[in-house]
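Reader: I would like to learn how to read a helix face and a salt bridge from coordinates. Could we work through one case?

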Amino acid sequence: MTRSIPALIHPSLLVWARKNAGLRPEEAAAKAGINPQTLQEWEAGTDRPSIAQLRKLGEVYKRPLAVFFLPEPPKGFDPQREFRRLAGISPQAESPKLRLALRMALLRREVAREIYERLGEPIPAVTASVHPAEDPEIVGQRLRDLLGITWQTQVEWPNPYAALNGWRDAIERVGVLVFQTGGVDLKEMRGTGISSGPLPVILLNNADAPHGRIFTLLHEFVHILLANGGHRTSVMEGKRFPEDQVLENASNRFAAAALMPKSELLAEASEYPKIFNGEERELRRLANRIKASPEAILRRLVSLHRVPADVYERKRKAWLEHPWFPSPQSEGGPPIETKVIAAVGRSFVSLILEGYQRNAISSASVSDCLGVQLKYLDRIAGELVT
């Protein structure tokens, strides 16, 4: 019987792909349907997989076959160092789902850059910057001016999902790609910002409530502006928590001031006086009016010295045990065209469709980037104009 032709690859690529996927050797072997000893021999270089076996590993690691024929493992920016965790959650080994989401975000950005280059169009550039020592109220107003969102617009959005889309569209218009991902535990990530440009990226966890995603979106946008000013997110080492970091604190302050401007918030809060004592019903009413979570509202009022810190801590503890807003359900839901636009954003979808129409991107790349078959493109295009 003729033996399968071995794949002439460097074994370090196999080790890199497995570790980058967040899999232990025994897990990877089980998913690929091979003996762990066989995988160990491939990674040690004492034996080689066939092309068919290598393709199967590529499916397990979510990597194209071609990447295994590189001369050495890719090196460069590692977004996994920068993602935002819930307060008090220490850094830990990232799950395979999170690693895949980060890789897809970077892949989509590279595709977008390539399309702009092939179309001969300039890549949108975010040039605004902020400094962590600036006055939050001044920065907050500057952000709203940059994004073109007025307080009247904010309170007139019919629901928090419309508000999330409004803030997201505004941030995409200034040159940021905003993606959403599912299947990642909120304890691991609420969002991440890849601030290196051109085309910085924000990745949101759609398991979060829309109010929470709005704050995360602004938080990560601030990180991009901080990076533009020369203040990049520092690596979280050991058990150091995000809330202990200077840039995390600055991002929270600036995002809160942008989402809830002082004078407008206090004017609205005066209509719901019981919120200053943490009354749940009035907090919910105000939250639904301004499209910010009750926790963010109370925290902002504490920073403005209008609510005692112990009131906020008491309510926060209660919400940790019983969230005030249920997480979105992944089953069922809107049609596929709505899901695609929610996942990758109107800006990215528009660019992909234009690139495809002008032969700047292949049909296979369109399917890979949007995660759908080509037969849905007309429906997606139609959704963009509604």
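Predicted model: local features only at pLDDT ≥ 70, side-chain atom pairs only at ≥ 80, totals over all residues.

Reader: Which residues of helix 3 are buried?

Author: An α-helix has 3.6 residues a turn, so residues three or four places apart point the same way. In helix 3, residues 36-44, the buried residues are Leu39, Trp42 and Glu43. They lie on the same side of helix 3 because the arc they cover around the axis is only 95°.

Reader: What covers the buried residues of helix 3?

Author: The cover includes helix 1 (11-20), helix 2 (25-32) and helix 4 (51-61). On the face turned away from the buried side, helix 3 carries the exposed residues Gln40 and Ala44.

Reader: What is found at the start of helix 3, and what follows helix 3?

Author: At the start, a side-chain oxygen of asparagine 35 comes within 2.7 Å of the backbone nitrogen of glutamine 37. After helix 3 comes glycine 45, with a positive phi near 85°.

Reader: Now the charges. How many salt bridges are there?

Author: A salt bridge here needs a side-chain nitrogen of Lys or Arg within 4 Å of a carboxyl oxygen of Asp or Glu. The count by this rule is 19. One of them pairs glutamate 121 with arginine 358, at 3.1 Å from N to O. This pair links distant parts of the chain, 237 residues apart: glutamate 121 is in the loop between helix 5 (96-119) and helix 6 (136-147), and arginine 358 in the loop between helix 16 (346-357) and helix 17 (363-370).

Reader: Is glutamate 121 buried, exposed or partly exposed?

Author: Glutamate 121 is partly exposed, at 29% relative accessibility. Arginine 358 is also partly exposed, at 43%.

How values were computed
Residues numbered from 1 in each chain as written. Heavy atoms only, no water. Buried < 20%, exposed > 50% of the residue type's maximum accessible area, 1.4 Å probe, protein only. Helix = DSSP H or I, 4+ residues; strand = E, 2+ residues; numbered from the N terminus. Arc of directions from axis to C-beta. Contact = heavy atoms within 4.5 Å. Polar contact = N/O pair within 3.5 Å; in protein donor to acceptor, adjacent residues only side chain to side chain.
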